[in-house]
Amino acid sequence: MRLQSVAELDVMRASVVAARSPRRQEIIVSTDSTCCVLRGSLGVAEAFQTGISEAGLREGTGLRLTGCLGFCEIEPMVVILPQKILYQRVTPGDVKEIIQKTLKEGVVVERLLYKDPQTGEAIQDIEKVPFYQKQMRLVLGPNERIEPSRIEDYIADGGYSALAKALSGMTPEGVIQEVTRSGIRGRGGAGYPTGKKWETTRTADSEDGVRYVICNADEGDPGAYMDRAVLEANPHAVLEGMVIGSFAIGSHEGFIYVRTEYPLAVDRLKKAIAQAEDLGLAGRNILGSGHDFSIRIVRGAGAFVCGESTALMASLEGKVGRPRAKYVHTSEKGYHERPTNLNNVETWANIPLIINRGADWFAGIGTERSKGTKIFSLVGKINNTGLVEVPMGISLRDIVFTIGGGIPKGKRFKAVQTGGPSGGCIPESLLDLKVDYDELTKAGSMMGSGGMIVMDEDTCMVDVARYFLAFLKDESCGKCVPCREGIKQMLAILERICHGEGREEDIDTLEQIGSYQVDTSLCALGQTAANPVLSTIRYFRSEYETHIRDRYCPAGVCKALFRYRIDPETCNGCMACVKQCPSKAIEGERKKPHIIHQETCIVCGICHDTCRFGAIGKVHTSEVAV
Amino acid sequence: MSDAASTKTGAVLIVGAGIAGIQASLDLANSGFKVYLVEQSPTIGGTMAQLDKTFPTNDCSMCIVSPKLVECARHPNIELLTFAEVEKVEGDAGHFTVSVRKKARSVDGSKCTGCGVCQAACPVRATVRVPEPLEDGEGERTRAVDAIIDSHGGSREAMIMVLQDSNKAFNYLPEEVLHRISTRLGIPYAEVYGAASFYKAFSLEPRGTHIIQTCMGTACHVRGAQRILEEMERRLDIPAGETTKDRLFTLETVNCLGACALGPIVAIDGEFHGSMTTAKVPALLDSYAEGKNDSERRAAS
């Protein structure tokens, strides 16, 4: 079936909604997302499918297998409607009990309820869970109402109505004006005003009038996966945004450039595009408006720099993905020298919201210069790992402690890293910082695509800086000298420090190279590459000094700068570490304290991982006889 | 000035006629020194003459270097010694004696106009050498690559997708496959190879039966991914990026698998193993190694 007009879309929406039998209850299982699947969600879904029919509950019970619901820590999660009961870490074995007790008898299964990591209190209602309470889930919200491979679900949820509104009642200029007025800025990290970019692309000279629209789904920042979650759970929101964008810009061909590491997202998008084209929501003569727009998926090939717009376009053209200098913006001359508008997945997913609810509504959320919400992937040393969508201007403390539930195992918070390899580390003293584009930049970090990695006292900040530089050294395309050589030299210095050969002048040298790098590199990768180093020096200088002067890594990460020691008081002689030690460096008899022979110990840390009694500690090299 | 200084020869020998050597020669020659410019290759200009653009202004490289080449060649104070190597340096400051071996080029450089007639007549190397296009159209691999290329419509833009599919089909990118892609898509081999070596997703070497990807994302890193990798390297006795001798395992690192809640994470043959610890590594590896033995046993029986 092909929808010929906006009215036909409305008719279809009404019929989809009407066809849904009024259900007594509904079960939502977060199934179809890479991490849910890893945690065994498919088994849970299957158990529900068979369980519901066996229990004779097919009438009146709906089962919805959705994409990512954000709370990755407790997946696979199950929500029972209308009571909104949240069950965490459900296994196929639990399903029978849920069906029997909750669905049939209306009793809550206490042991599967979510328990607050701070207070230990069990919470039944999903909306009362602190993780969800402070969030504002505009983009992620629909995920729980949609089965990702069903376009009907999206349409029933009001999907494609923004497109209908734009095509039937707005001019392209009007759409751009609305987007400009909303104040939305690029969600990929740099924060360029989206409306302005569209305007430039629309008005730029193109010899044959061809313009392109690209969705950047090359989510390369390690520790960031919100684009994957959006694509996997709600691909149509991105497509709708792109079609609206193409109409505003006057483009008839678009691309989605997806990381090759995300096979499920590629699969989802392929299906979604086919569905949208079948219904006439993409392709030729969209909704009978005369506007044509086709979308193609292109897979990346594992190069971080291809997230940069000019490198991405080079890669699209089938070339090696190296950036070029941007004297001329891609919105004037991009893919094949034509005006090209490139936006991030999250930006596109926000567009239907803006068109539907209006620029004023959107501009009412957030801070003065950063509007709307932002999705962060809250990961690392945090209790509630997951995807959180918060209004701009929320404090870091709220994200880490209220939504994130604090640090596991009662450890101390040390820093939060934002902005991926181009970002920086923000210390405890700045936890009340309001999260928006400008505040983060002021603190020496950046918004980036939205990775938020929490670090505790066991994280070594010198090692973190070294880690990011090692990453960037591999990913630097090598075209410009400051990036290629600067990163290499800084990395050499950091490695020296981590190996216990740091020199007094090293910190100054790092700062100097870093400042040159900012001024002279060709693209954003090089310009921001020094951020991890400069921000850790700025906030954790003493840690660098301890590494250099005392030859000690307080966090116990840099191998050369600490040793393992067994505390004879705590060790109960269980022999577990003796068996596991790969270098046979631990000597001991049953029920007698063991000792580590420092001369054969390779500091691999297996004993530390194995010991269940916390008897193996990390100490300064001088404290043990080697 | 001492006597020794005043009796200095006043000639300079410069080794290497790249852009630096040329500029130094011109500066010295213009200051009145006699310059001997020694160059190993038959021509001067070095690397810069082979470049297209220069960083950071993207200026044309030849436009900068070629006036200097000409000036260098016709400067009365500069003596070019190309296709020559320094053999011996004796003496001390102001009084060096240098032996230079000038290789035979069988052409009188002072008379040659570079007309190219001799090259055309030469029976040994009459043409500029280009790599022979591979004899293809025969092998199984060629047919497989052809099918992949056809499925992408054979356009130049499809190169990366063709490489991706080929990498998947053969588990790596054999040289002959790269040549075939070059021939079929009409892209110089250097460019195909350049792309194949640039992107991380491609391997230019054969890989093992099981491919281990250790996630090195930030979330995994702060949860101890480095130690997991080290344990893998130790157990398999190979550094990351290599394949075990028995071709059973290839150990790779990956920047982020995007499943950070489960970190540290290891993917083997695309199956994810979350919340890894060093203590779990041996059993995990064994399960894959034994899995293979099982299938072998089944195949034998």
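**Group meeting: cores, a helix and an interface**

Let's start with one residue, Val238(A). Setting aside neighbours within four places in sequence, Val238(A) is in contact with Cys215(A), Val230(A), Leu231(A), Val345(A), Trp348(A) and Ala349(A). Keep in mind that this is a predicted model.

Where does Val238(A) belong? It is part of the largest nonpolar core, which has 226 residues. Val238(A) is among those with the most contacts inside that core, together with Val243(A), Ile244(A), Leu281(A) and Ile399(A).

Now chain A as a whole. The count is 24 helices and 19 strands. Along the principal axes, its C-alpha atoms fill a box of roughly 80 × 70 × 40 Å. How much of chain A is buried? Of its 626 residues, 55% count as buried. Then the contacts. Take those in chain A with a separation of 6 or more: 71% of them come from residues 24 or more positions apart.

Next, where the chains meet. How many residues does each chain give to the contact? Chain A gives 46 residues and chain B gives 41 residues. On the chain A side, these elements give two or more residues: helix 2 (34-38), strand 11 (373-380), strand 15 (451-456), helix 18 (461-475) and helix 24 (606-610). By type, that side of chain A divides into 22 nonpolar, 17 polar and seven charged residues.

Which of its residues are buried? One reminder on helix geometry. An α-helix has 3.6 residues a turn, so residues three or four places apart point the same way.

The other is helix 4 of chain B, residues 117-121, where Val117(B) lies. Is Val117(B) buried or exposed? Val117(B) has 8 other C-beta atoms within 10 Å, so it is exposed; the cut-off for exposed is 12 or fewer. One distance to finish. Val117(B) and Lys34(B) are 83 residues apart along the chain, and their C-alpha atoms are separated by 35 Å.

Methods. Residues numbered from 1 in each chain as written. Chains lettered and ligands numbered in written order. Predicted model: local features only at pLDDT ≥ 70, side-chain atom pairs only at ≥ 80, totals over all residues. Core = buried A, V, L, I, M, F, W, Y, C linked by C-beta atoms within 7 Å. Buried ≥ 20, exposed ≤ 12 C-beta atoms within 10 Å, placed from the backbone. Contact = placed C-beta atoms within 7 Å. Helix = DSSP H or I, 4+ residues; strand = E, 2+ residues; numbered from the N terminus. Nonpolar A, V, L, I, M, F, W, Y, C, P; charged D, E, K, R; others polar.
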